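Welcome! Take a moment to look over the structure below, and then we can walk through it together.

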Amino acid sequence: MATNQADPGQNTTLPGALRSSGASVNDWVENLSETKFAYLVLGPTLVLFTALALWPILYTFKTSFFADSFSQFHGQFVGLGNYVGIVTGTRDYSLIRPFIDLQNPFRSVLPTTLIYTALSVVLITAFGFVQALVLNKTFRGRSIVRTAVLIPWAVPIVIQGMIFYLLFIPGGLGTEFLNQFGIVGSRPLSNSLSTMAIVTLASIWKRSAYVALIVLAGLQGIDENLYDVADVAGASRWQKFRLVTLPQAIPVLMIAMLLTSIGSMRIYGQIDSIASCSVMPSITCAVVGTFNGSLYGTASALAFITAILIGLVSLVYLGVLSRSNAGGI
């Protein structure tokens with residue numbers, strides 16, 4: 001009977017050790033700084049996200065060093081040959097339009113992308129900022145208006161593209177209206193310049209609401225005491241906007257402009273659904289076109305050129321944003 005009894009030491013020492021280990025872990029966590037605790041909590045997610053995102057990026061980068069091949073996924077190793085061919089124009093035969101053509105910039109890939117990006121960022125941010133200023137005011141039905149403003153942003157790109165396509169086809173409502181003032185011809189979607197204007201208008205209609213939502217969150221975080229001090233000092237509305245609202249809104253405006261720039265440089269769906277990539281080429285159009293044509297080396301190089309451009313633009317915004325946070329602006 002004595003052999004069936006468990007050793008008392010095994011039942012008492014193990015829970016005590018676990019309790020001691022748990023207490024030491026809790027003490028270690030409690031002694032962490034806020035920054036280290038944030039890294040501890042976000043660490044597993046960041047590792048998983050990096051693993052899932054990094055592998056396709058590295059594989060695409062590897063593919064960009066190989067020539068196009070219709071018989072296999074990877075052709076002959078050419079190093080930077082795909083990048084050099086794209087930039088110098090020797091690969092223009094594989095693209096819908098030339099990559100760089102300064103004599104006809106609205107029908108070449110890189111100039112069209114950069115022009116559209118600059119134009120859309122300025123206009124989308126401006127319209128979004130105005131909407132945010134209006135929505136930040138107190139008036140009857142403000143919640144309904146805020147909800148209604150977001151409807152264009154919720155519309156799928158394909159449906160939005162079909163709307164603007166029907167507006168500007170020959171005989172469409174938008175075509176007939178603008179044709180009366182000589183702004184567009186009878187077939188605006190066959191002209192590169194007018195197509196860019198229409199795509200930009202569609203982008204403003206859809207994406208300015210998203211910018212307004214971001215900026216509105218920043219405006220609501222401005223300390224109301226600043227406006228009270230400005231009122232006491234006898235500041236006008238313009239002075240309060242210039243000295244209080246605008247400086248406080250610059251950081252969130254820069255974030256909105258960064259997101260808009262990234263989205264504009266990757267534009268494809270709106271172009272494809274409103275007109276076509278042959279009328280208004282973009283870098284993403286070139287990536288999709290070459291990939292669908294099984295030109296995987298060229299498509300990968302174009303994708304990485306896009307990533308480099310987006311990275312450079314992001315660094316500029318982050319530099320300006322850091323200066324703004326440091327009081328340099």
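Which residue forms a salt bridge with aspartate 231? The partner is lysine 240, and the closest N and O atoms of the pair are 3.0 Å apart.

## About the model

This is a predicted model, in which local features need pLDDT of at least 70 and side-chain atom pairs count only at pLDDT 80 or more, while totals for chains, interfaces and linings use all residues. Residues are numbered from 1 along each chain as its sequence is written, and side-chain values use heavy atoms, with hydrogens and water left out.

## The salt bridge

The structure holds 1 salt bridge (a side-chain nitrogen of Lys or Arg within 4 Å of a carboxyl oxygen of Asp or Glu). Lysine 240 counts as buried, at 19% relative accessibility, whereas aspartate 231 is partly exposed, at 42%. Here buried means under 20% relative accessible area, exposed over 50%, and partly exposed in between, using a 1.4 Å probe and protein chains only.

## Helices and overall form

The protein chain has 14 helices and 0 strands (DSSP runs: H or I of at least four residues for helices, E of at least two for strands).

Its C-alpha atoms fill a box of roughly 105 × 75 × 40 Å along the principal axes. Of the 329 residues in the protein chain, 35% are buried.

## Contacts within the chain

Among contacts with a separation of 6 or more in the protein chain, 63% join residues 24 or more positions apart; a contact means heavy atoms within 4.5 Å.
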